[in-house]
Structure formats: C-alpha cells, structure tokens
Amino acid sequence: MGFDFDMSAEDIKVFLDEAEEQLQAMEAGILRLEKDGQNPEHLQEIFRAAHTLKGSSATLGHKKMAEVTHSMENVLDKLRKGKLALTTAVGDTLLACLDVLQAFKEEIATGQESGVTTAAIMARLAAIDGNAAPAQEAAPVPPEAPAALPSDAPPLSAEEEQKLTAARQSGKNTFWAVLLLDKNSPMPAVRAFQALLAMGDVGEIIRSWPTQQEVEEDRIGDDLKILLATGESLDKVRAVLASVPEAGIVALSAVSAVSAPPAVSEDAAAALQLVEAPVVSESAGTVDKGAVAKVGKNESRTVRVNVEVLDNLMNLVGELVIERTRLNQVLTRLEMDKEGDEVVQVMSSALAQISRMTSNLQDEIQRARMLPVENLFRKFPRMVRDTAQKANKEIEFVVLGQETELDRSVIEEIGDPMMHLLRNAVDHGIEAPMDRLRTGKPAKGTVILEAFHEENHIIISVRDDGRGMDPQKIRASAVRKGLISEEAARRMPDHEVVNLVWAPGFSTAEKVTDISGRGVGLDVVHKNIEKLNGSVEIMSEVGKGTEFRVKLPLTLAIIRSLQVEVVGTTYCIPLSSVVETDRIPVSQIQTVRGREVIVKRGEVIPLLRLVEAFELDRPEGYEEPEEFFMVIVSVMGKQIGLVVDNLIGEGDVVIKPLGKFIGDIPGISGATIMGDGDVAIILDISSLVGAVQAEINRREALRS
Amino acid sequence: MAQQEQREIITQLVVFQLGHELYGADISVVREVSPLQRVTRVPRTPKYIEGVTNLRGRVIPVVDLRRRLNLPVSAATKATRIAVAELEGGQVGMVVDAVLEVLRVPQSSIEPPSQLLSKVDSEYVHGVAKVDGRLIILLDLARVLQREERKVV
C-alpha cells in the first residue's frame, strides 16, 4: 500500500530532513534529562521539537504521526509544569514514541506503510498521562523546625541520642534527610544503599530507617530516612544526595541550631529541579516553514553534495596525481638531455606549481569527505541506555572527541563493530550494581567512548571500569570450547591470551544473554575492522576494567604501505600490519614440522615465501641468494615472516579494486598504480596470516 | 533494389588478427585500442589472465585472447595491441596480434557459425562474415570474457 501526500517531492525531502533532526533532538534531550535531571531548558527543547513535528506532520497529512506527537506533547507539558516526575517508565515510553515516529518517518520516505500502529504507544502515553499524580503530592512534608527531630522521626536509642548530642557539642551539623525511592526503579535497594554510602562519605550516619543491614537484605520501604552528623554544609549534603539516581529528596533540614544554616524544607518537585518552564513564545498549532526552519541548527554555510560526486572527485584527483608523477619523470629526462634550456626551465616551474596545486586539491577533497564522528556516535547513547536497562546495569556513558573527523566511508563501515564493542562493555564488562558495591566501586559503571587522532590514524576507544578480563578464565574457556589445546593455553603469555576472545565461537560471559549475542560477534568485529585496514588492541586488568582500542586509517582510499618486490612484481603491504623488516642468512632458516621458521628473540616465527604462496615461476637459471629479505607482519598478535626478493620503500598508495572480472583472490586486497605508471598488487595480510595459521593447526591436528 | 539496400542493417566491426585468422567484434563493445603496455601478473588467477594494467589511471584486467580461445601462444610483436572491451562487469583488455580496421558489414553477409570454419569453440562465436573473400569470425565477447566458476584455492 502506498502513501500519497499532497506535497512536492522537494517539500517531503525537507520534511524528512527536519523530522530526522527533531527526532535526534528529542532523543538526545530525553537521555540528557534522565542523566542530569529535569532541566527546564532541555525539557523546553524536547517540547519544541515535538511541537514542531506535530505541526509539520499534520500539514503533511500523516495523521498517526500527528496523533503520537500530540500525546507526547501532553506528557512533556506535564513534565514541564512539574505535574509529572521523570521516572524510568516515563523515559522508556517517550523513547518508545521516538521509535514509532521513526517508523512513520520511514513510511513517508519510502511511501510504504510499515504496519506500525499507534494503539500500543497511545495506551502507554495515556497510562502515564492519566497517572500523572502531581509529584508534590507524592510526598507531602511538613516544614520542620530546627533543633528538634521531626515528629515523624522514629525514636532514637539511648546510644544514638548520645551520638547526636556529642556531634552537636563538637560543632558538627546534624541533618535530617528523607529520600523518596522511585517505585519504578528496578533496584530501589541499590539506590538506598548508594545513598547510605554517599552519606557515610560526607559524615557519620547516626541512624537510618531502614538500617544499612535491612537495605542490604533488600528489606526496604518507599523511603529512606537518615540522621546525619557532618562537618559539611547543607548545600554540600544536598548535592551529594541529589547525585543518587532514582531517589528524590523529600526533606532535608538541619536539626541543630549550632552553626547551621537556616532550615530548608524541600519538596520532591523542587529536589528534582522542576521549575515552571518559561512561556512558549510560539503560537501553538500553527507551524509554518519559517518556524520549522528556526528549530534547525544555526544557519550554516554548507551545501549538500551527493557522495558519488565526492567519490568521482577523489578518483579524478588520484589520476591527476599519477599523471603528475609521469610528467615529472619526463621532465627529469628532458633536464638531463637539454640542460639549461629555457623551455625546460619554464616547464619545470610550471610543473612544480601543478604539483603543489594537485596536493592541495587532494587535501581539500579528502577534507570534504570527512565527517565528525558525532554522526556515528549519536546513535550510541540510546543503545547503551537500553542495553544497560535490559541487563540491569547502571551505566554512566561518556562520549569524548565527537568532533574528531573521519572519512565518511570509514564512518559507514565502523558503526556495527563499535556498536558491538559498546554492547559488550555494558553487558560483559560492567558488573551488576550490587557486585560493584561489594568490591568498593560505585554502583554505576562507567563506559567511555572516545575518538582522537594519533599520527595518521584515528583511534576509537571503548573503555569500561568493569571486571576486566581474567586470563585464567579465558584460557579455561578456550580449552573447554576446543579452540586451543591445554598445553598451548598454558604456554601462552597473558597478553596474548586476551586475543583469544576474537576467535570464532568464543564468549567471555559465563551466561549467554540475549544482548551481546551468543559468542558470535567479536570475531566478526575483528574481521570488519581488519577489512578497513584497521586493527584492534585489548588492554585489560582484572577488577579494573577493559579497553578496546580500534585503530583506523583516516581514509579507506589511501593507505600507507611498504613496497616489496617478488619475481619482478611490486607488492604493497599495509604498514599498519608491518612489525619489522630484516635481512637474514638462509642458514638461519629452520624447519619445524615441515614448515620453515625463523627464531627471533626466542620467538618462533613461521615463514611464508610469497613465491610459493602465489605459485610464481622463477626465471630459468635463478639462484637462491645467501640472504633473504623478510617482512614480519602481525595480525591478532600472530606473527609471520613474509619472504620477499627485495624491499623497495614506503609510500601512500591509492587503493583500486581489481574488479569483478578478476574477483576476490585470497591474499590480495586490491591493486594500486605506482609513480611510474605500473600496477602493484596490495596484499591482504590478514588472509595470508590466517592461511599460515590454518596450515599449522592442520599439521598439529594430524600429529596428535 | 536500391531502396532495399538502404534498409539493410549494417554492423560495424573492429577487425583484429590472431595468428592467421581474422576476428571481429561489435564496435559498440570495443571501447578503445591501446598499445601493449606493462601488465602486472596477478597471482592465483587462471593462465589466460595476463594480469592488470593501468589504463589512464584505472586498473583493468588484461586477457590473453589466444590462450582464452585455446589458440597456440606466440610472443608479442610491435603490432600487438590491447583491445579494451566494455562489458557489464567493467572494462577488460584483450591482447591481440594486431588491430586491422573498422569494417561496415551488411547483416546479409553474416552467416551462422560453422564448426568447420574455425578452431575456436563455437559457443564463443556469433557468426562468420564474408567480406571481399575474407572470412571474419565474429566473437561473442560477453561469452568469451565471462569468468567460469572459479575453483576455490
């Protein structure tokens, strides 16, 4: 079934672009609210985006979209006015609305109905809207006078009375705090425990209701009352309490007159920073193009360019660079033949100028292809939040270096692998909140996603402060799954053991969850990253956390490579996988189980003669030299030595595909055109190393 | 009569030589002819694939047409050319002994392929044109340059 909108294709495109921006703004806003509390400014932003989308979808004639945004607006309005508290359930519902709206947006983009209906989401919205018991009423608190315990405070024991008196006499402040635990919180006991820990840090808890022991045994009610003696100020205590999630401060007041600030009583709404939002300046209901445009980002001096155009430009510049090199070679010959000739000099200076401009052009076009990683990162906070919720984890998700730029082709390809690493960190890296508290960590785990430049590469790092990878467990698991023999596992050093997680069929989780998959994944992540000529490194410390460091080239089109020669043909080896080069006498080659190896710094490195691997024919009368050149390459911590005839040098090469006619060839990833116009072959190191490894494994299997 | 001749469909052929035989290919498929230049051998490819070459900044595969058609192999001469065919999968260069001319051939002088006429497998041949007493074998380049299922190495 198709859609027919009374709008031009151009208008629909504008609508879609803007709807995307509004959906993103709402998502970011809701996540921010959940994180930082009900900031009126953020609320206003979300409200405005929903409002605009309502107007424009109504104009377009997508009734369901208008219907959902309208109800969202109602809920947002209640939030804004403080008639509704932002609980996890409210956050969930609002985010679910965005999913539905996204589906509707797709309907408009494709002209195909998605089959998504509004009934379920409208019911959820209505449930919230209807249950919108004013937050203030949730916890009515009579103002308390200082210097006396509130009347609703349970009686103190003699010992506790003594403590209280002692604290007062020593000039400490004594505070009375009542926290309301969010009924919808999946783990109110954890919140209570967190609050107790936080209070214990700033002072001495004279008594709490329920007690710490009761909290640990999960015997809690709706609220937590604390009597605290502290040297800190009321503001400080309030700030600390406010940092405990899903717990509203119902009351916080000084119960001692000694050097105490004036008593303050707060209601839950105020504690949640619910402030009456400023009046909306837009007139409701009428949304014209102008208003829609205003919602978008600041006017920027940019144009949208088709990606194909950029790709073509890039190819043309590549050809220009090659022709430039040819001209330079002609010039060199001319200069030798006709030294001092005036015309040759003119040509020389013109060529120098062309060279400079070509380089500038290349840089500029490359820059035009760069996008900030923000384009990729912005879909992650939501994913992390949902994953954390499903896994009952608490995650503080920090994103750094969003402005770092990367070639758009790399951004397109790296999304899935990064998503997987993040899920892995949330699901497997970070421990359950109670486990964390037990080991002295904050209940909330931290996952940091960071992008930055390092030389000619970009690094994207995912690190968590979770349990870390235990080499012993990995060994045991790998042996159990038959990925490695017990003997080999024992011999393997710890820093190599972590790389076993990349093996197909490996999963570090004790239990299989429906989030990070069933052991499929990490090997795919690794493959995808290698396909991009990137690499990934694991740094992990038991109990402290794990870091995955993904190293990527700035662009896919150009790689730095080491050029070598074998039987008259030039081969390029991506420099990212080269460990070192060496010249070695033939006499040092040893044979282990039928394979040639070399021992270097005590490590046995298998050799791969490219002549043999590629079945190349030597010219007649070829004599094996006394010494040979070896390029040690490494993939996933596995090293092999490639035996080549000659080392030529290093350089940037533009990767060209071999084309459909030749197809995929194991060990080869493409071709490139060298300065002299000849074509060189680019090696696929990961498949060469894989083949050698497979061969070794086969021989081992035969032997045992 | 004159009118009929005008309506006659004319095929334009690029005529090239392999050994002593003349071959033709539809001019719409042959994109250009270039002198023989350096070809880089690509490992792990069939023998008839000479390798890849740089055609004005593009890397294109080059096929030894003699090997492909199971004709006896011979060394390159000054006349040796690469005829570049434009096919669905991209451009493919073909090494031929010489490129002779472009001929306009009336459809009526083209006959269906006959096993006896050529050593070339008839599945690669569209037909045979008789022009001024010469026989020109019309190659079906789409077939000739189609890669059979490659064995996994």
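**A tour from strand to core**

Select strand 8 (residues 445-454) and strand 9 (residues 457-464) of chain A. They pair in the antiparallel sense, over eight bridges. Keep in mind that this is a predicted model.

Show the whole of strand 11 (residues 545-553) of chain A next. Strand 9 and strand 11 of chain A run antiparallel, joined by eight bridges.

Next, show both chains. How many residues of chain B are in contact with chain A? There are 22, and they meet 25 residues of chain A. On chain B, select strand 4 (49-55), strand 5 (58-64) and strand 7 (90-96). Each of these elements gives two or more residues to the side that touches chain A. Strand 4 of chain B gives the most, with four residues. Colour that side of chain B by residue type: nine are nonpolar, seven polar and six charged.

Move on to the largest nonpolar core, which has 82 residues. Select Ile573(A), Leu642(A), Leu683(A), Val52(B), Met94(B) and Leu139(B), the residues that touch the most other members. Why does this core lie between domain 3 (307-368) and domain 5 (558-703) of chain A? Because both domains give residues to it.

Zoom in on Leu139(B). Leaving aside residues up to four places away in sequence, Leu139(B) touches Tyr23(B), Ala25(B), Tyr124(B), Val125(B), His126(B) and Val144(B).

Last stop: another core, of 38 residues, lies apart from the largest one. Select Val373(A), Val410(A), Val426(A) and Ile484(A), which are among its members.

Definitions and conventions:
Residues numbered from 1 in each chain as written. Chains lettered and ligands numbered in written order. Predicted model: local features only at pLDDT ≥ 70, side-chain atom pairs only at ≥ 80, totals over all residues. Contact = placed C-beta atoms within 7 Å. Nonpolar A, V, L, I, M, F, W, Y, C, P; charged D, E, K, R; others polar. Core = buried A, V, L, I, M, F, W, Y, C linked by C-beta atoms within 7 Å. Buried ≥ 20, exposed ≤ 12 C-beta atoms within 10 Å, placed from the backbone. Domains from an automatic or database assignment. Pairing = 2+ DSSP bridges.
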